[in-house]
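This report describes the fold, the packing and selected local features of a single protein chain. The sequence and the three-dimensional model are shown below.

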Amino acid sequence: MKDQNFKDVNIQLSHGDGGLKSNQLIHNLILEYLGNDLLNRLEDSAVIKAPGSRIAFTTDSFVVNPIFFPGGNIGKLAICGTINDLATSGCVPIGLSFSLILEEGFPVSHLKKILASMRETLLEAKTSIITGDTKVVEKGSADKIFINTSGLGLIKHNSLLSPSEVKTGDKIIINGPIGDHGISILSQRKEFNFQSNIVSDCAPLSSLVSAVMSKTKKIHAFRDATRGGLATVLLEIAQASGHIINIHNQNIPVRDEVRGICDFLGLDPLYIANEGKMVIFVDPMDAQVVLDTIRNHKYGKQAAIIGEVGPSGPGSVILNTEIGTRRMLDMLYGEQLPRIC
């Protein structure tokens, strides 16, 4: 591999000055992991063919701390985050851009692991990096590595997927246990000083969404439940659609270890971040076929119907408990755990 010719051990400021070192970083390392016909041209913009079809576009930045965590790293997270944002439109990803901001002194061995993880995730999602940029800043001007990714996707269906399309009676489905990513990150923070076996759910969900879209045309909305967790997503959709949403606590999948850690630390798993969870609003007539389809996918084995959309109203979310009480959920005030993505 060409990266055998990349001898530097740490990232230096000269790797970002546009000169020889930059050229070596790009050609002998980055392109070795992420290169393809479009990216290898190293043009300022990528030109892609887009026959008569709607296009989805999204962008996000990733500053997670720590950059390596059980189940992934900042590179996998950056690809999954943008793939999943695209997936909420039901599109087929065309390609992604990426922008690296590297701190002087960052170990090249770490960058290799991150790039390899990005490549593996791109292959799984059947897409690629088609344009990019790299900057290096002085030591102390950034925290190791930041990544921005943007994505383009073609929408080939005629369905309108939007929170505003959610209707009374829709069933609400989630593809598995909530809170794994946030607790995984938290367990790696020295200030919390505890150990757990929880692994981040970080995963690209484009194939899961495609499988669902192939079974029904009655999906009204997809939503990626990341920062703010399940509760925040549901509140945003309730407000956008002008409905009351009811969810049932006993139906919401949460691992016992996640629930135990949340209880110990005074956190609510409903507000803990996820990086591989999709919330789906579907016509009740097709809810079971969607649930069966998700459970047959590797990222949906523990999928569940967690609630339903009620009548028009103030845009609120009601949590119904096992003992018959009802609690209105509020928007998260502040971040329970910063830099989780």
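**Overall architecture**

The model is predicted. Its chain contains eight helices and 13 strands. The radius of gyration is 21 Å, close to the 20 Å that the globule rule gives for 341 residues, so the chain is as compact as a globular protein of that length. Along the principal axes, the C-alpha atoms fill a box of roughly 65 × 55 × 35 Å.

Buried residues make up 52% of the 341 residues. The accessible surface of the chain is about 15,300 Å², and carbon and sulfur atoms contribute 51% of that area. Among contacts with a separation of 6 or more, 85% are between residues 24 or more positions apart.

**Nonpolar cores**

In soluble globular proteins, nonpolar side chains tend to be buried together. The largest nonpolar core of this chain has 77 residues, and the members that touch the most other members are L111, I145 and F281. Leaving out residues up to four places away in sequence, L111 touches I11, L25, L29, L100, L102, F106 and I145. A second, separate core has 18 residues, including L208, V212, I280 and V282.

Helix α2 covers residues 74-87. Its 14 residues should span 20 Å at 1.5 Å a residue, which agrees with the 20 Å between its end C-alpha atoms. Because 12 of the 14 residues are buried, α2 is largely enclosed by the rest of the structure. The buried set consists of I74, G75, L77, A78, I79, C80, G81, T82, I83, N84, L86 and A87. At the start of this helix, a side-chain oxygen of N73 comes to within 2.8 Å of the backbone nitrogen of G75.

Helix α6, residues 229-241, has 13 residues. The distance from its first C-alpha to its last is 19 Å, close to the expected 18 Å. This helix is mostly covered, with 10 of its 13 residues buried. Those residues are G229, L230, A231, T232, V233, L234, L235, I237, A238 and S241. The elements that cover them include the strands β7 (171-174), β8 (219-224), β9 (243-248), β10 (278-282), β11 (304-312) and β12 (317-320). Just after α6, G242 adopts a positive phi of about 70°.

S200 is placed in the loop between α4 (180-187) and α5 (206-213). With a relative accessibility of 8%, S200 counts as buried, the cut-off being under 20%. Its side chain makes a polar contact of 2.8 Å with the side chain of H181. A polar atom of the S200 side chain also lies 3.1 Å from the backbone nitrogen of C202. Neighbours within four places in sequence aside, S200 is in contact with F69, P70, G71, D180, H181 and S184.

**Backbone features in loops**

A cis peptide bond, with omega about 5°, joins N65 and P66. P66 belongs to the loop between β1 and β2 (68-69). Positive phi values also occur in two lysines: K126 has a phi near 55°, and K144 has a phi of about 70°. K126 is in the loop between α3 and β5 (129-137), whereas K144 is in the loop between β5 and β6 (145-155).

**Residues with accessible surface**

| Residue | Relative accessibility | Class |
|---|---|---|
| E43 | 47% | partly exposed |
| E120 | 58% | exposed |
| K126 | 75% | exposed |
| K144 | 27% | partly exposed |

E43 lies in the loop between α1 (20-34) and β1 (54-62). Between E43 and I237 there are 39 Å in space, C-alpha to C-alpha, and the two are 194 residues apart in sequence. E120 is part of helix α3 (residues 108-125). The C-alpha atoms of E120 and K76 are separated by 8.3 Å, although these residues are 44 residues apart along the chain.

Definitions and conventions. Residues are numbered from 1 along each chain as its sequence is written. This is a predicted model: local features need pLDDT of at least 70, side-chain atom pairs count only at pLDDT 80 or more; totals for chains, interfaces and linings use all residues. Side-chain values use heavy atoms; hydrogens and water are left out. Helices (H or I, at least four residues) and strands (E, at least two) are DSSP runs, numbered from the N terminus. The expected span of a helix is 1.5 Å times one less than its number of residues. Buried means under 20% relative accessible area, exposed over 50%, partly exposed in between (1.4 Å probe, protein chains only). Contact means heavy atoms within 4.5 Å. A polar contact is a pair of N or O atoms within 3.5 Å; within protein, one must be able to donate a hydrogen and the other to accept it, and residues adjacent in sequence count only if both atoms are side-chain atoms. The radius of gyration is taken over C-alpha atoms; the globule rule is 2.2 Å times the number of residues to the power 0.38. Accessible areas come from the Shrake-Rupley method with a 1.4 Å probe; for residues, only the protein chains shown count as cover. A nonpolar core is a set of buried Ala, Val, Leu, Ile, Met, Phe, Trp, Tyr and Cys residues joined through side-chain atoms within 4.5 Å.
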